[in-house]
Amino acid sequence: IPAEGVSVDTLLVSGEGTLTIAGGKITATKILANVNIVAGETTLALAEMDIAAGATVTYTTTGDENSEVTLPELMGEGIFSKFGPERLTLENTRDYEPKLVWNEGTLRFKDQAYDKTYNIVAKDGAKIQVGTWTGSLTSNSLKLEGGATLWLYNGNSTSGSTIKGTIIVDSSAEKPAVIQGSRFGDNTNIAAAIKGNGVLEIQDDNDNVFTISG
């Protein structure tokens, strides 16, 4: 890809094997991924993606932990696997999502309800941030591996934030999974079933109240 990048309406990738994208940036209105895509040393610009079953879009961000990019709509039955410190934000309610594997940085759910769609794996060093001020998250499966953090960021209202669905813990005493509670205000509730094995560390934040009732 030339250094100045390319812009297309639709990028369709199909076949077998792995496509490595390097050089300039691709900007596409829509990306249809039917094979594994790996972003090279530069960034594969985020666009709407339809990730086919068996395919993995490996996305490496190039910003820092203070940068924030809105994650576009993702569809399909594949995997969106994210590396790098840059924070990606989900702002829209979706009917279906591929599996989200967060290896580094923060996945931020903002101030809306997200229902019955998310299958998330948070790896060591990854952080899942729910809410800015109000909102809720319903997940089919939110897996916290050792070293991952579920950050209950919001609260500070009568409704607060509610986590529903299932949280799966896969950790150890040496590297526990962490729930960090209610950064701003009270009224955050984990009403999800918590399953799995290992150690779950509960951290208070700013002496604000949150509950675990699942």
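Tutor: A surface patch is made of residues with over 30% relative accessible area and no salt bridge; like charges are joined within 9 Å, and nonpolar side chains (Val, Leu, Ile, Met, Phe, Trp, Tyr) within 5 Å. A salt bridge is a side-chain nitrogen of Lys or Arg within 4 Å of a carboxyl oxygen of Asp or Glu. This is a predicted model, where local features need pLDDT of at least 70 and side-chain atom pairs pLDDT 80 or more, while totals for chains, interfaces and linings use all residues. Residues are numbered from 1 along each chain, and side-chain values use heavy atoms, without hydrogens and water.

Student: Which residues form the nonpolar patch on the surface?

Tutor: Ile 194, Ile 202 and Ile 212, with about 230 Å² of accessible area together (Shrake-Rupley method, 1.4 Å probe).

Student: Why does Ile 212 count as partly exposed?

Tutor: Buried means under 20% relative accessible area, exposed over 50%, and partly exposed in between (1.4 Å probe, protein chains only). Ile 212 has 40%, so Ile 212 is partly exposed.

Student: How many aromatic pairs are there?

Tutor: Three. Rings of Phe, Tyr and Trp (its six-membered ring) pair if their centres lie within 6.5 Å; planes under 30 degrees apart are stacked, over 60 edge-to-face, the rest tilted.

Student: Why is the pair of Tyr 59 and Phe 80 called stacked?

Tutor: The centres are 6.1 Å apart, which is within 6.5 Å. The planes meet at 25 degrees, under 30, so the pair is stacked.

Student: What makes this pair a tie between separate parts of the sequence?

Tutor: Tyr 59 is in strand β6 (residues 56–60) and Phe 80 in strand β9 (residues 79–83), so the parts joined are 21 residues apart. A strand is a DSSP run (E) of at least two residues, numbered from the N terminus.

Student: How do you know whether Tyr 59 and Phe 80 are buried or exposed?

Tutor: Tyr 59 has 3% and Phe 80 has 0%. Both values are under 20%, so both residues are buried.

Student: What makes β6 and β9 a pair of strands?

Tutor: Strands pair if DSSP finds at least two bridges between them. Five bridges join β6 to β9, so these parallel strands pair. β9 and β11 also run parallel, over four bridges.
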